[in-house]
Amino acid sequence: MKILVTGGAGFIGSNFCRYMLNKYKNYKIVCLDCLTYAGSLESLKDVLKNKDFKFVKGNICNKKLVEKLFKKEKFDIVVNFAAESHVDRSIKKPKIFLQTNILGTQTLMDACIKNNVKRFHQISTDEVYGDMSLTSKEKFSETSPLKPSNPYSASKASADLLVLSYIKTFNLQATISRSSNNFGPYQYTEKLIPKIIENAIKDKKIPIYGNGKNIRDWQYVLDNCKAIDLIIHFGKTGDIYNIGANNEKSNINIVKTILKKLNKSEDLIEFVEDRKGHDLKYSLDSTKIRNELGFKPEYSFEKGLTETINWYLNNLDWLKKVEKYKQNYIFRRL
(Lines give C-alpha, C1' and ligand atoms only; values in the text may rest on other atoms or scores of the structure.)
Protein backbone atom coordinates (compact mmCIF):
# COMPACT_ATOMS: atom_id res chain seq x y z
CA MET A 1 0.00 0.00 0.00
CA LYS A 2 1.32 3.44 -0.91
CA ILE A 3 -0.19 6.48 0.79
CA LEU A 4 0.27 10.15 0.00
CA VAL A 5 0.04 12.33 3.10
CA THR A 6 -0.22 16.00 2.20
CA GLY A 7 0.70 18.45 4.94
CA GLY A 8 2.65 15.63 6.57
CA ALA A 9 5.25 17.95 8.12
CA GLY A 10 2.60 19.69 10.21
CA PHE A 11 1.26 18.73 13.62
CA ILE A 12 -1.36 16.05 12.94
CA GLY A 13 0.19 15.02 9.62
CA SER A 14 3.61 14.22 11.12
CA ASN A 15 1.99 12.23 13.92
CA PHE A 16 -0.08 10.34 11.35
CA CYS A 17 2.99 9.47 9.23
CA ARG A 18 4.75 8.16 12.33
CA TYR A 19 1.67 6.23 13.47
CA MET A 20 1.15 4.51 10.10
CA LEU A 21 4.80 3.57 9.61
CA ASN A 22 4.93 2.07 13.09
CA LYS A 23 1.73 0.08 12.60
CA TYR A 24 2.08 -1.11 8.99
CA LYS A 25 5.50 -2.51 8.14
CA ASN A 26 4.61 -3.10 4.47
CA TYR A 27 3.21 0.37 3.76
CA LYS A 28 5.04 3.18 2.02
CA ILE A 29 4.33 6.81 2.89
CA VAL A 30 5.06 9.81 0.67
CA CYS A 31 4.76 13.20 2.37
CA LEU A 32 4.05 16.31 0.30
CA ASP A 33 4.49 19.56 2.21
CA CYS A 34 5.47 23.09 1.20
CA LEU A 35 7.03 23.74 4.65
CA THR A 36 5.34 26.95 5.68
CA TYR A 37 6.07 28.39 9.13
CA ALA A 38 3.91 25.69 10.79
CA GLY A 39 5.42 22.72 8.94
CA SER A 40 8.97 21.68 9.65
CA LEU A 41 11.25 18.74 8.86
CA GLU A 42 12.16 18.86 12.55
CA SER A 43 8.80 17.20 13.17
CA LEU A 44 9.79 14.34 10.83
CA LYS A 45 13.41 13.97 11.90
CA ASP A 46 13.07 10.36 13.05
CA VAL A 47 10.69 9.42 10.22
CA LEU A 48 13.06 10.65 7.50
CA LYS A 49 15.37 7.75 8.35
CA ASN A 50 12.68 5.18 7.54
CA LYS A 51 13.24 3.41 4.18
CA ASP A 52 9.48 3.34 3.60
CA PHE A 53 9.13 7.12 3.89
CA LYS A 54 9.78 9.76 1.25
CA PHE A 55 9.51 13.53 1.59
CA VAL A 56 8.65 15.82 -1.32
CA LYS A 57 8.63 19.59 -0.90
CA GLY A 58 5.79 21.21 -2.80
CA ASN A 59 2.44 22.96 -2.68
CA ILE A 60 -0.83 21.12 -3.32
CA CYS A 61 -1.93 24.09 -5.45
CA ASN A 62 0.91 23.35 -7.90
CA LYS A 63 -1.01 21.32 -10.49
CA LYS A 64 2.04 20.40 -12.54
CA LEU A 65 3.97 19.09 -9.54
CA VAL A 66 0.96 17.20 -8.18
CA GLU A 67 0.20 15.48 -11.50
CA LYS A 68 3.84 14.50 -11.95
CA LEU A 69 3.99 13.06 -8.42
CA PHE A 70 0.78 11.06 -8.84
CA LYS A 71 1.90 9.64 -12.17
CA LYS A 72 5.27 8.59 -10.78
CA GLU A 73 4.19 7.12 -7.41
CA LYS A 74 0.81 5.53 -8.26
CA PHE A 75 -0.84 6.07 -4.88
CA ASP A 76 -3.50 3.80 -3.41
CA ILE A 77 -4.72 6.32 -0.82
CA VAL A 78 -4.42 10.10 -0.44
CA VAL A 79 -4.95 11.73 2.96
CA ASN A 80 -5.19 15.52 2.76
CA PHE A 81 -3.95 17.24 5.92
CA ALA A 82 -2.54 20.18 3.96
CA ALA A 83 -4.28 23.36 5.06
CA GLU A 84 -3.88 26.84 6.39
CA SER A 85 -5.39 26.33 9.82
CA HIS A 86 -5.04 29.27 12.18
CA VAL A 87 -8.21 31.33 12.67
CA ASP A 88 -6.40 34.57 13.54
CA ARG A 89 -4.34 34.39 10.35
CA SER A 90 -7.46 33.70 8.28
CA ILE A 91 -9.01 36.92 9.60
CA LYS A 92 -5.94 38.93 8.59
CA LYS A 93 -5.24 37.22 5.25
CA PRO A 94 -8.21 35.16 4.00
CA LYS A 95 -6.98 34.70 0.41
CA ILE A 96 -4.27 32.10 1.11
CA PHE A 97 -6.84 30.05 3.08
CA LEU A 98 -9.17 29.97 0.09
CA GLN A 99 -6.35 29.05 -2.28
CA THR A 100 -4.87 26.22 -0.23
CA ASN A 101 -7.92 24.81 1.50
CA ILE A 102 -10.30 24.88 -1.47
CA LEU A 103 -8.34 25.03 -4.73
CA GLY A 104 -5.56 22.83 -3.33
CA THR A 105 -8.15 20.20 -2.45
CA GLN A 106 -9.56 20.41 -5.98
CA THR A 107 -6.10 19.86 -7.48
CA LEU A 108 -5.62 16.73 -5.40
CA MET A 109 -9.04 15.31 -6.26
CA ASP A 110 -8.54 15.90 -9.98
CA ALA A 111 -5.26 13.98 -9.75
CA CYS A 112 -6.99 11.17 -7.83
CA ILE A 113 -9.61 10.77 -10.54
CA LYS A 114 -7.05 10.89 -13.35
CA ASN A 115 -4.86 8.27 -11.69
CA ASN A 116 -7.55 5.93 -10.32
CA VAL A 117 -6.67 6.42 -6.65
CA LYS A 118 -8.69 3.99 -4.51
CA ARG A 119 -9.47 6.41 -1.66
CA PHE A 120 -9.22 10.14 -1.07
CA HIS A 121 -9.66 11.26 2.51
CA GLN A 122 -10.31 14.88 3.43
CA ILE A 123 -9.27 16.11 6.87
CA SER A 124 -11.84 18.63 8.05
CA THR A 125 -12.75 20.21 11.38
CA ASP A 126 -15.61 20.55 13.83
CA GLU A 127 -15.42 24.31 13.22
CA VAL A 128 -17.44 23.92 10.00
CA TYR A 129 -20.56 23.52 12.16
CA GLY A 130 -20.14 26.91 13.79
CA ASP A 131 -20.78 27.26 17.50
CA MET A 132 -23.47 26.89 20.14
CA SER A 133 -24.27 28.55 23.46
CA LEU A 134 -22.11 27.64 26.45
CA THR A 135 -25.12 26.08 28.19
CA SER A 136 -26.33 24.07 25.20
CA LYS A 137 -26.68 20.29 25.60
CA GLU A 138 -26.72 19.81 21.82
CA LYS A 139 -24.00 17.94 19.95
CA PHE A 140 -23.15 18.35 16.28
CA SER A 141 -23.78 15.26 14.18
CA GLU A 142 -22.57 14.58 10.66
CA THR A 143 -25.91 15.85 9.33
CA SER A 144 -25.86 19.15 11.25
CA PRO A 145 -25.94 22.23 8.98
CA LEU A 146 -22.67 23.98 8.20
CA LYS A 147 -22.45 27.46 9.73
CA PRO A 148 -18.78 28.51 9.70
CA SER A 149 -17.91 31.69 11.60
CA ASN A 150 -14.59 32.78 10.10
CA PRO A 151 -12.62 32.53 6.83
CA TYR A 152 -10.71 29.44 8.03
CA SER A 153 -13.79 27.39 8.89
CA ALA A 154 -15.59 28.71 5.79
CA SER A 155 -12.73 27.49 3.59
CA LYS A 156 -12.85 24.05 5.22
CA ALA A 157 -16.63 23.85 4.88
CA SER A 158 -16.28 24.83 1.22
CA ALA A 159 -13.71 22.08 0.70
CA ASP A 160 -16.05 19.54 2.30
CA LEU A 161 -18.85 20.52 -0.06
CA LEU A 162 -16.48 20.29 -3.00
CA VAL A 163 -15.46 16.78 -1.96
CA LEU A 164 -19.11 15.72 -1.67
CA SER A 165 -19.79 17.14 -5.14
CA TYR A 166 -16.85 15.18 -6.59
CA ILE A 167 -18.20 12.00 -5.02
CA LYS A 168 -21.56 12.44 -6.72
CA THR A 169 -20.44 13.98 -10.02
CA PHE A 170 -17.19 12.13 -10.71
CA ASN A 171 -17.65 9.02 -8.54
CA LEU A 172 -14.60 9.94 -6.48
CA GLN A 173 -13.99 7.32 -3.80
CA ALA A 174 -13.74 9.68 -0.85
CA THR A 175 -14.45 10.13 2.85
CA ILE A 176 -14.34 13.12 5.23
CA SER A 177 -13.45 13.33 8.92
CA ARG A 178 -14.26 16.24 11.21
CA SER A 179 -12.33 16.12 14.45
CA SER A 180 -12.42 18.12 17.64
CA ASN A 181 -9.39 20.09 18.91
CA ASN A 182 -6.23 17.99 18.79
CA PHE A 183 -3.27 18.32 21.13
CA GLY A 184 -0.01 16.42 21.58
CA PRO A 185 3.64 16.33 20.46
CA TYR A 186 4.93 18.45 17.55
CA GLN A 187 2.13 21.03 17.71
CA TYR A 188 3.24 24.52 16.72
CA THR A 189 3.08 27.05 19.53
CA GLU A 190 0.48 29.34 17.98
CA LYS A 191 -2.12 26.85 19.26
CA LEU A 192 -3.51 27.06 22.79
CA ILE A 193 -1.99 24.12 24.68
CA PRO A 194 1.60 24.37 23.37
CA LYS A 195 1.44 28.17 23.78
CA ILE A 196 0.48 27.75 27.43
CA ILE A 197 3.26 25.22 28.00
CA GLU A 198 5.94 27.27 26.25
CA ASN A 199 5.03 30.54 27.98
CA ALA A 200 4.72 28.88 31.37
CA ILE A 201 8.15 27.28 31.00
CA LYS A 202 9.59 30.71 30.17
CA ASP A 203 7.54 32.50 32.88
CA LYS A 204 5.93 34.66 30.19
CA LYS A 205 2.39 36.01 30.23
CA ILE A 206 -0.23 33.65 28.77
CA PRO A 207 -2.75 35.60 26.63
CA ILE A 208 -6.34 34.35 26.89
CA TYR A 209 -9.07 35.69 24.61
CA GLY A 210 -12.07 37.34 26.30
CA ASN A 211 -13.04 35.70 29.59
CA GLY A 212 -11.56 32.29 28.73
CA LYS A 213 -14.90 30.50 29.09
CA ASN A 214 -15.02 29.26 25.47
CA ILE A 215 -15.40 25.46 25.45
CA ARG A 216 -13.72 22.92 23.16
CA ASP A 217 -13.69 19.12 22.98
CA TRP A 218 -10.03 18.13 23.42
CA GLN A 219 -8.58 15.01 21.81
CA TYR A 220 -5.09 13.52 21.98
CA VAL A 221 -3.60 13.48 18.49
CA LEU A 222 -2.84 9.74 18.35
CA ASP A 223 -6.51 8.94 18.92
CA ASN A 224 -7.34 11.06 15.87
CA CYS A 225 -4.66 9.19 13.87
CA LYS A 226 -6.23 5.89 14.93
CA ALA A 227 -9.66 7.07 13.81
CA ILE A 228 -8.39 8.25 10.42
CA ASP A 229 -6.66 4.90 9.95
CA LEU A 230 -10.00 3.15 10.52
CA ILE A 231 -11.81 5.44 8.10
CA ILE A 232 -9.39 5.08 5.17
CA HIS A 233 -9.46 1.28 5.48
CA PHE A 234 -13.05 0.56 6.52
CA GLY A 235 -15.05 3.77 6.13
CA LYS A 236 -17.91 3.88 3.66
CA THR A 237 -17.22 5.89 0.50
CA GLY A 238 -19.13 9.14 0.51
CA ASP A 239 -19.53 9.25 4.28
CA ILE A 240 -18.54 11.86 6.86
CA TYR A 241 -17.25 10.84 10.30
CA ASN A 242 -17.07 13.04 13.39
CA ILE A 243 -14.10 12.26 15.64
CA GLY A 244 -14.49 13.47 19.23
CA ALA A 245 -13.32 12.46 22.68
CA ASN A 246 -16.04 13.93 24.94
CA ASN A 247 -13.47 16.02 26.80
CA GLU A 248 -15.25 19.37 26.82
CA LYS A 249 -13.27 21.94 28.78
CA SER A 250 -13.04 25.72 28.88
CA ASN A 251 -9.89 27.51 27.79
CA ILE A 252 -9.38 28.97 31.25
CA ASN A 253 -9.70 25.50 32.79
CA ILE A 254 -7.01 24.21 30.42
CA VAL A 255 -4.67 27.07 31.36
CA LYS A 256 -5.09 26.58 35.10
CA THR A 257 -4.61 22.81 34.80
CA ILE A 258 -1.34 23.18 32.90
CA LEU A 259 -0.04 25.88 35.26
CA LYS A 260 -0.76 23.62 38.22
CA LYS A 261 1.07 20.68 36.59
CA LEU A 262 4.09 22.91 35.94
CA ASN A 263 3.95 24.49 39.42
CA LYS A 264 3.49 27.94 37.92
CA SER A 265 1.47 30.87 39.26
CA GLU A 266 -1.90 31.84 37.80
CA ASP A 267 -0.54 35.38 37.78
CA LEU A 268 0.87 34.50 34.34
CA ILE A 269 -2.68 34.57 32.93
CA GLU A 270 -3.42 37.71 30.94
CA PHE A 271 -6.90 38.31 29.49
CA VAL A 272 -6.79 40.07 26.11
CA GLU A 273 -9.33 41.45 23.66
CA ASP A 274 -11.51 38.69 22.28
CA ARG A 275 -10.98 37.32 18.77
CA LYS A 276 -13.39 38.46 16.04
CA GLY A 277 -16.14 35.91 15.46
CA HIS A 278 -14.85 33.77 18.34
CA ASP A 279 -16.97 30.60 18.57
CA LEU A 280 -18.30 29.93 22.08
CA LYS A 281 -18.55 26.15 22.17
CA TYR A 282 -17.99 23.07 20.01
CA SER A 283 -19.49 19.70 20.91
CA LEU A 284 -19.25 16.67 18.63
CA ASP A 285 -21.39 13.56 18.48
CA SER A 286 -19.02 10.78 17.40
CA THR A 287 -21.53 7.94 17.82
CA LYS A 288 -21.30 7.01 14.13
CA ILE A 289 -17.58 6.18 14.03
CA ARG A 290 -17.80 4.38 17.36
CA ASN A 291 -20.72 2.20 16.28
CA GLU A 292 -19.80 1.60 12.65
CA LEU A 293 -16.01 1.34 12.84
CA GLY A 294 -15.48 0.43 16.50
CA PHE A 295 -13.47 3.55 17.31
CA LYS A 296 -12.69 4.22 20.95
CA PRO A 297 -10.21 6.81 22.23
CA GLU A 298 -7.31 5.25 24.12
CA TYR A 299 -6.15 8.40 25.89
CA SER A 300 -7.99 10.13 28.70
CA PHE A 301 -7.54 13.89 28.73
CA GLU A 302 -5.39 13.62 31.86
CA LYS A 303 -3.08 11.01 30.33
CA GLY A 304 -2.79 12.86 27.02
CA LEU A 305 -2.06 16.19 28.68
CA THR A 306 0.60 14.68 30.96
CA GLU A 307 2.34 13.06 27.98
CA THR A 308 2.12 16.31 26.01
CA ILE A 309 3.64 18.41 28.78
CA ASN A 310 6.43 15.88 29.31
CA TRP A 311 7.16 15.80 25.59
CA TYR A 312 7.62 19.57 25.41
CA LEU A 313 9.75 19.58 28.56
CA ASN A 314 11.97 16.92 26.99
CA ASN A 315 12.08 18.58 23.56
CA LEU A 316 12.96 22.19 24.24
CA ASP A 317 15.43 22.02 21.34
CA TRP A 318 12.52 21.29 18.99
CA LEU A 319 10.80 24.46 20.19
CA LYS A 320 13.91 26.52 19.54
CA LYS A 321 14.47 25.06 16.09
CA VAL A 322 10.90 25.49 14.85
CA GLU A 323 10.82 29.05 16.18
CA LYS A 324 14.04 29.79 14.33
CA TYR A 325 12.60 28.17 11.20
CA LYS A 326 9.47 30.34 11.55
CA GLN A 327 11.53 33.53 11.75
CA ASN A 328 13.58 32.52 8.70
CA TYR A 329 10.39 31.66 6.81
CA ILE A 330 8.80 35.02 7.58
CA PHE A 331 12.03 36.80 6.58
CA ARG A 332 12.08 34.98 3.22
CA ARG A 333 8.45 36.00 2.58
CA LEU A 334 9.13 39.73 3.20
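Which residue does Lys2 stand opposite in strand 2? That would be Lys28.

## About the model

This is a predicted model, where local features need pLDDT of at least 70, side-chain atom pairs count only at pLDDT 80 or more, and totals for chains, interfaces and linings use all residues. Residues are numbered from 1 along each chain as its sequence is written, and side-chain values use heavy atoms, with hydrogens and water left out.

Seven strands form an open sheet with parallel pairing, in the order 3-2-1-4-5-6-10. Strand 3 and strand 10 (240–243) sit at the edges with a single partner strand each, so one side of each has no neighbour in the sheet. Strands here are DSSP runs of E, at least two residues, and helices are runs of H or I, at least four, numbered from the N terminus. Two strands pair if DSSP finds at least two bridges between them; strand 1 (residues 2–6) and strand 2 pair over five bridges, in the parallel sense.

## A look at Asp52

Asp52 is in the loop between strand 2 (28–33) and strand 3 (53–57). Is Asp52 buried or exposed? Asp52 is buried, because its relative accessible area is 10%, and buried means under 20%, exposed over 50% and partly exposed in between (1.4 Å probe, protein chains only).

Lys28 turns up again here: its side chain and that of Asp52 are joined by a polar contact of 3.0 Å. A polar contact is a pair of N or O atoms within 3.5 Å; within protein, one must be able to donate a hydrogen and the other to accept it, and residues adjacent in sequence count only if both atoms are side-chain atoms.
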